[in-house]
Protein chains: 2
Amino acid sequence: MNEFELITHLTKSLPTNENVVVGAGDDCAVLDLGVPEKLILFKTDAVVEGIHFTKATPPEKIGRKALARCLSDIGAMAGTPTTALVTIALPKDFDAAFVTKIYDGLNALAEKTGVAIVGGETTTNPERILISIALIGTVPRGKQILRRGAKIGDAIFVTGELGGSLAEKHLDFEPRLAEARWLTEHFTIHSMMDLSDGLGGDLRHLLNASKVGAEILKPAVPISRAAKLRAKASSGAKPAFVAALTDGEDFELLFTIASKDAVKLLDAWKAKFPKLKLSCVGKIVAGDGILIRDKTGSHKLNANGYVHFA
Amino acid sequence: MNEFELITHLTKSLPTNENVVVGAGDDCAVLDLGVPEKLILFKTDAVVEGIHFTKATPPEKIGRKALARCLSDIGAMAGTPTTALVTIALPKDFDAAFVTKIYDGLNALAEKTGVAIVGGETTTNPERILISIALIGTVPRGKQILRRGAKIGDAIFVTGELGGSLAEKHLDFEPRLAEARWLTEHFTIHSMMDLSDGLGGDLRHLLNASKVGAEILKPAVPISRAAKLRAKASSGAKPAFVAALTDGEDFELLFTIASKDAVKLLDAWKAKFPKLKLSCVGKIVAGDGILIRDKTGSHKLNANGYVHFA
């Protein structure tokens, strides 16, 4: 059983109550706690030494990344983050100066995004540092954007450029909070999520939640310079397009919108966010799974993010 | 720098915002998110293999304990738990059946206490299982009980019996949710917290928050049978009274109330919760720190929970 199968198994029948608007399976849980005009967003996310960062990662960037990942999920619901708790598990011989710098990086991003840090916990994890963030946010009632709303005919958009995040971006990415809120304030966004596992895997989650398929236009997918450089660097490297689909940790927005709004959106976006690329990469179709269209035709994308040329 | 010094250092100047009623330093954070009659409680807590449980611990009890610890903190604020997220970090070769049973134990307690599990995360921790719970609760506005409200002359109470938790209770304790709510509905409770580190250490936190001291009557401290048995089992074992002050993981309530209400409370408690002991263990005094009074006089309790007979 892999991680995704385990999650599916564990989330099959979870205890629920009248506060739950959206439970497990989206970027955040959505709760109705009785705030007159708002719903509550609730999210946790962990980073682990040796997996999401290394002993050589600057500690400020570790703290920043830990919080930024959670912020990205609040963004993906078009929400506003408000309050976080920080759980940090440390080896017994922790370096207090290093831990302080982790918090400095985390606190700086919290200040910038208006998030209060209201405590948390330190505990022991003998072999490596692990940081888990719990984040509460809010979203105006009815304005939360879920994964499950994609409609056949929708245009599929992504922000920024994809792939090659490990070179640098995974430590420095900007959670797309303002962009997501602007999108929902000015357009009818049908479905949205953030890209954490790579377009190939994450789009599949969105499609499954919406019970539709997608056709991606290969030349339309925005590939990062880092992914292109890496592909060129050695003959054994991932092709840049595959990197854009599978590298993960892009932390860009993936969303769908009625095709008729696509051109208007692109124009308005360019005026509002001139420095951040917005790309229409394909469309929602009937069926399931992902088709990659290039000049040779349409090819089914398999579960590993590689194109199967049948 | 030990864990407590680190926490003090890290929580000195945390980012805040207008939602924060109580930040770091109490059993839960207290937030005002605009629910007309309620405040929001927010808490995280982690359990780690080899520290809070072992490979031999029945997995259902691991999951139960992970959630129960957080519930105990919601109880300590006189709140009602509503929603939890579960972060579980697993070695790569995890046993899916074992993990499922962890969730079974956790879900059973969630059902029982009305808590919805709205997702969470699985991640990798190669050497050991770590489970972090993030919990949201609510409390009627103005009814939250903090650590900082103890007043000189207050009677100090604890529920249950203390010490020896490791023998069994740390896996089976009942979070005192109903008891804490009943207390605040029927009496003016000045300060409250749950006992996780032992009466010696935890009372000190409450005293420091309230800027007062305490005098504990040694014979009044309720000592668990497990602590007494363990003390008798070997000549090198902790004396039972020291165990009651320092073992930790009691997960009982510690609270203070005006002395004039003490007898009325004891009578009402006996009628309402006949199976759960409630003990008046001493009183709040001016100054700081903890004095232990026995037939030989008053002795200052040092930071390690041992009595210093000067």
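The legends below describe views of a predicted model with chains A and B.

Local features are given only where pLDDT is at least 70 and side-chain atom pairs only at pLDDT 80 or more, while totals for chains, interfaces and linings use all residues. Residues are numbered from 1 along each chain as its sequence is written, and chains are lettered from A in the order in which they are written.

**View 1. Chain A as a whole.** Chain A has nine helices and 14 strands, taken as DSSP runs numbered from the N terminus (helices H or I, at least four residues; strands E, at least two). Its C-alpha atoms fill a box of roughly 60 × 55 × 45 Å along the principal axes. The radius of gyration of chain A is 19 Å, which agrees with the value near 19 Å for a compact globule of 310 residues; the radius is taken over C-alpha atoms, and the globule rule is 2.2 Å times the number of residues to the power 0.38. Of the 310 residues, 54% count as buried, that is, with 20 or more other C-beta atoms within 10 Å of their own, the C-beta atoms being placed from the backbone.

**View 2. The rotation axis between the chains.** Chain A is superposed on chain B by a rotation of 180 degrees with 0.0 Å of shift along the axis, at an RMSD of 0.0 Å. The two copies are thus related as by a two-fold rotation axis. The superposition is by least squares on C-alpha atoms of residues with pLDDT of at least 70 in both copies. V35(A) is the residue of chain A closest to this axis, its C-alpha lying at 2.1 Å.

**View 3. The side of chain A that touches chain B.** In chain A, 60 residues are in contact with 60 residues of chain B, contact meaning C-beta atoms, placed from the backbone, within 7 Å. Elements that each supply at least two residues to this side of chain A include β3 (38-48), β4 (80-90) and β6 (130-140). β5(A) gives the largest share, nine residues. By class, this side has 31 nonpolar, 23 polar and six charged residues. Ala, Val, Leu, Ile, Met, Phe, Trp, Tyr, Cys and Pro count as nonpolar, Asp, Glu, Lys and Arg as charged, and the others, Gly among them, as polar. The copies meet through the same surface, because 100% of the interface residues of chain A are also interface residues in chain B.

**View 4. Helix α1 of chain A against helix α3 of chain B.** Helix α1 (residues 3-10) of chain A packs on helix α3 (residues 96-113) of chain B at an angle of about 35 degrees, with the axes 11 Å apart. Axes are lines fitted to C-alpha atoms over the stretch in contact, and angles run from 0 to 180 degrees between N-to-C directions. L6(A), H9(A) and L10(A) meet A96(B), V99(B), T100(B) and Y103(B).

Notes
Two residues are in contact if their C-beta atoms, placed from the backbone, lie within 7 Å. A residue is buried if 20 or more other C-beta atoms lie within 10 Å of its own, exposed if 12 or fewer, and partly exposed in between; C-beta atoms are placed from the backbone.
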